[in-house]
Amino acid sequence: MAKYNFNVNGKQVSSEDSDMPLLWFLRDFLSLTGAKYGCGIARCGACTVHIDGKSVRSCVIPVKDVEGKNVTTIEALGSSSENGIHPVQQAWLDENVPQCGYCQCGQIMQAAALLQVKPNPSDAEIEIAMSGNLCRCGTYPRIKKAIKLASGMVGAQ
Amino acid sequence: MNLTTRASKFKSRRSFFKSTIFSLASGGILVGVPTISGAFGLAGCKFLKRKSSGFASVPSHGFGPFIKISAEGKVSVVCDKSEMGQGVTSLFCSLVAEELEINSQLISYEFAPAEEVYINRRVVIPLYVAKVPVHAQITGLSSSTSDVYEKMRLAAAAAKQALQIAALKKFGLPQTQIEQTILKEGKVVHLKSGQAASFGELAQASGPISEEFFKRYKLGSYKKQEGNLPAPKANLRFLGKVPPQQPGKSADFLRVDAFSKINGSAVFGIDVLPKHTGHERFLFAVVVRGREIGSSVSIQNNSEVQSLPNVKHVVSILNGRGVAVVASTTWHAISAARQVKLNVTPGKNVQFSTEGESGIVQKYLNAFDNKTPNVTKIPVVPSIGIENQLRETIGAIEAKYVVPYVPHSTLEPMNCVAFLDGGIWTVWAPTQFPEAALAAVSRAAGVPESRCRVVTTLIGGGFGRRLVTDYIMEAVSVSKLINGQPVKLIWTREDDTRHDYFRPVAVHKMLGSPALGGEPAANSRGGIKHEIMSQSINSFVVQDYIACIVPDKLKNQKLLAAFARIGAVALNNLPLDPFSVEGAYETHYDFQRHNLVSGELTGASVPAFPIGYWRSVGHSHTAFAIECFIDEMCSENSVNAIEFRKNCLHKNSRALGVLQRVLQISGYNPSAQKTSQHKTQVKNSGTALHRAKGFACHSGWGSSVAAVADVSVDVSTGAIVVHEFWVVVDCGFVVQPDIVKQQVEGGIIFGLSAALKQEITVINGVVQQSNFHDCDILRYHESPKINVEINQQPANVNPTGVGELPVPVAAPAVANAVANATGMRLRRMPFTPVRVIQALGVFLMFIFNLQARSDGKTAFDYLHSVASHPRCVNCHGILKNGEHVPTVGNGPVLQPHPMRITSVYPNLGGDCITCHQKENIPLVGAPPGAANNLMKDFLWQMPPTTMILKLNIGKKELCEIWTNPQKNAGKNGDRGGVSSPEALAKMRKEFMHHVSDDPLVHWAFQPGIGRTAAPGSREQLISAMDSWIGWLEQGNRCGQLSN
């Protein structure tokens, strides 16, 4: 059976379940439960992780397509920051964004990927980037404020 | 209220809680709150000390059922409400921290087990004739703050006194010196001597609390269900305040659960791992249920499914409710469940539909004309002769309003971990109703409650869905069939959408006039006859437990009683469910005449389709009907609808207060323009886009809300854009203003999802929607700016409900704004573009020809059928607000891409690959894959706007576009044309390249499940393109084509 090797949060891992979505590998095998199951069809964004720095819905990408790549999950997002908290995470705290919190790890991963390439995104760019992440509690107005607050603080470190 | 009766139900196990003072052997003390008998209930330690109980991890000394202090001085608060985003953990912590003078660093929370002392004493349902307290350990009905506010302040004040007394003992000082001690930064300090002792050391040494304390704080006040409360502390630090931002660190007490929710460490039910429960591994279960709701199933291909990879067990649960596939990973359970083939024995719902002549909506509408059999109508608010009086009133109007079934769509699907350990059946469950959950475990496991345990986890969205315990019974049933092994049961999103307990369909008929028997006067309060056809949620939920899950009803009195207390319907044989009429029965308006009739199907006609409690329950439709109708009848009579409301709110100063304040901040200036004139103006305006503000207000849960929406409508597409909302709430004393603002913002967005997008339709018992692709909720780019203000009351005014409060006003505020913008009335939710167009009186018909044709001149007919197919039209896109956006769907109406995607998709840290993977995913609603690896690093892309297609594009029109170099140009220039042989040669090369090599064109013929393929085949397309260009090369031109 083919073995797929890739890197998750700085650690080499491998899996033989070629068609298993990355999400379930992260949750059931690595106990990384920050990425959530919400829809299984890339419609809600709760499972968003970074693959080679880009946001990807981990519920639809099979393990075989992650071969050789670097995966970052919410658990390691802040690992390169001094206090262990990524500026986007800090902005989320400052604007008091989360309610139930279930979607927020995905929202944060999506916003962090945005700010990495667009440190000062326009309102329209934020809309485009965030339109794939659902929040049932309706925290969108605060997500907007938090992204604005974090603008200019990512990539500058 | 009769606590005595209730207490007796708990018998010996719970008599434990009745002692007035209970000293722990270890010398710690317990602090409780007074119960009705004058004692103070003390509880919890035996549960809290049990290994892996809840999230209790700090070894601590008990300060009663609510407060524990560890040897290190960490304060842990036992939260008896479920945290589902409403910030209740922060409420518990801030109330205690306020009394104990500590900051958020020193305090944490854990969830209470199912115990009597944790029941909610503030859940009050406005019944037909009286207010009946529910008394259940329940998180719902927007009652948490009301229930907790006083009891936690008292519990904390008792803990404070215990610490002070223990400190004085340690300092060798008399108890009379208690006023000379203060609490500061986790220590008790004696002011004169400067002696100090930490909470940690004092918790070890403290003794029982004197009853003097409770006498001083007027324990009797806890008996009061209404009225003002004593404020035990003068200078509040946290309560009623928005914590200030501190440079470099987060503000204190914004939310105590926030940090865990931004770094992935928060444990929702679905995140419970073996390490949390003390196991080595879990098995994972997915249940396959009949598509027809309520059918009974068995498996056809048991051995086939058993042999799939990593499948451990296949079991039938709960009398044919479903077949559970148990595997060693979640993915293998989900995958194997998809392979299950069922034998289905249909239930009653096989004849149930929402649509058509025999559908439930039409049945309800017919009931108003007495054309539906088996209907009972109850005059909830009688008003003899009102109908005749209204019928004789000039200007009286009649209107009907319809709301559909809607799902809860909690982002965390239903799930539960269940196992048998040490003779105790345990579930770890995201539940709003631990008490019912305990009964459900007991029932499913077949053991007494004393051998069952419920651990409440964080909840990824509740909204009333998790008041029902179906998923908990399923998990226990699965575990029981495999010898109590630990099982994590997960519902897929498809399961969660189809097998929800939906907000029921409700149809309202309103007849009314802003003035009775004459011209409206300045202070007219009008008359309204209001008839509602809907279904009793309480009856359904109780019946569901009896009929579907619990065969032996006699043994399940406890569970039934728990649900019956919510409405007392089943036990008292009251025919009326308050949830069907709430918001209309106790309306804040004092109309001059008011008549309310509640109608329901009865007997064999009662639908068996599942319904349940959905955030704001009955208010979600009664406020829609009332608030729309007031605007409607006022504008028909050229009456200012705001002034009319003010007249009717003359007895309700708080409702009037929020109304006036929201007018100020929004600048809403209602006109009294007559609708018919308005419509004509819009029709003659010659513009598609119309924008206006609209108003709605409502009272419920003891609170009041008023809102204004700023909305625009594109009458050419039917698209509604909600730009901005202004909302003012009055919910008594607000303990945590920023969290209340969160609730209001979120409540408006929740209401907008139902107003604009959500609808469940049913055909022959089968739910037609399954996931967010066909039952979406509001997205980021559709969300308005929301301005929230709180009309704050003093700290001695009891807090009232807010979690559900904003939801009911969202839809009527939008509908009223649409009416103000266009003169058009939206009376049926959701206000989808199709409904808006229908309301405008214009019917869009898309006809597209899917017939494939053969070669020659008719080759173009075939090319046309492909080019006008949704698979091509979608990617060629539409212009929306000046942006070129792709569409989705199979027609006849195509929707803009659900995310905000445009042809100039910039690199924003993700791209199409964020969602669209290399291959089609074999699930309905999943994003299409990028053409099967036909092109490396392929990205979805769009042609220029000149090449936009339409489902109903004409043949000549299409031909003209294709042969015109100005219109067929791509990013590399034009694609030739018919002006010269060179141009024709270029056209041949470019067009043949597009149909032969473009991976997107390949994909159109293999678009994956849920999408209709383009007609014919790729080979046919290449051949037809070749034939058509050959036809052009022979000198033929577009004009020769039939249209």
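Biologist: In which loop of chain B is the place of B:N374?

Modeller: B:N374 sits in the loop between α12 (360-368) and β17 (375-381). Helices are DSSP runs of H or I with at least four residues, strands are runs of E with at least two, and both are numbered from the N terminus. This is a predicted model, in which local features need pLDDT of at least 70 and side-chain atom pairs count only at pLDDT 80 or more, while totals for chains, interfaces and linings use all residues. Residues are numbered from 1 along each chain as its sequence is written, chains are lettered from A and ligands numbered from 1 in the order in which they are written, and side-chain values use heavy atoms, leaving out hydrogens and water.

Biologist: What is the phi of B:N374, and why is B:N374 called partly exposed?

Modeller: Its phi is positive, about 55°, although B:N374 is not a glycine. Buried means under 20% relative accessible area, exposed means over 50%, and partly exposed is in between (1.4 Å probe, protein chains only). B:N374 has 41%, so it counts as partly exposed.

Biologist: Why is A:N96 called buried?

Modeller: Its relative accessibility is 1%, so A:N96 falls under the limit for buried. A:N96 also has a positive phi of about 55° without being a glycine. Its place is in the loop between α3 (87-94) and α4 (104-117) of chain A.

Biologist: How much of chain B is made up of buried residues?

Modeller: Buried residues make up 62% of its 1043 residues. Chain B has 33 helices and 35 strands.

Biologist: What makes a set of residues a nonpolar core?

Modeller: The members must be buried Ala, Val, Leu, Ile, Met, Phe, Trp, Tyr or Cys, joined through side-chain atoms within 4.5 Å. The largest such core has 232 residues, and B:I720, B:F725, B:V814 and B:F831 touch the most other members. Helix α5 (residues 144-171) of chain B gives the largest share, ten residues. Another core, of 35 residues, lies apart from it, with B:F860, B:L958, B:W962 and B:W1028 among them.

Biologist: Which residues does B:I720 touch?

Modeller: Contact means heavy atoms within 4.5 Å. Leaving out residues up to four places away in sequence, the partners of B:I720 include B:V711, B:L756, B:V814 and B:F831.

Biologist: What makes a space a cavity?

Modeller: On a 1 Å grid over the protein atoms alone, a cavity is a set of points where a 1.4 Å probe fits but cannot get out. Lining residues have an atom within 4 Å of a point. The largest cavity has 41 of them, and B:Q86, B:S142, B:Q743, B:G803 and B:E804 lie nearest its centre. The largest share of this lining, three residues, comes from α25(B).

Biologist: Where is B:P830 found, and how is it joined to B:M829?

Modeller: B:P830 is in the loop between α26 (807-822) and α27 (833-840) of chain B. A cis peptide bond joins B:M829 and B:P830, with omega about -10°. The bond from B:G891 to B:P892 is cis as well, with omega near 5°. B:P892 has its place in the loop between β34 (887-888) and β35 (895-896) of chain B.

Definitions and conventions: 1 Å grid on protein atoms, 1.4 Å probe; cavity = no way out; pocket = protein on both sides within 12 Å on 5 of 7 lines; lining within 4 Å.
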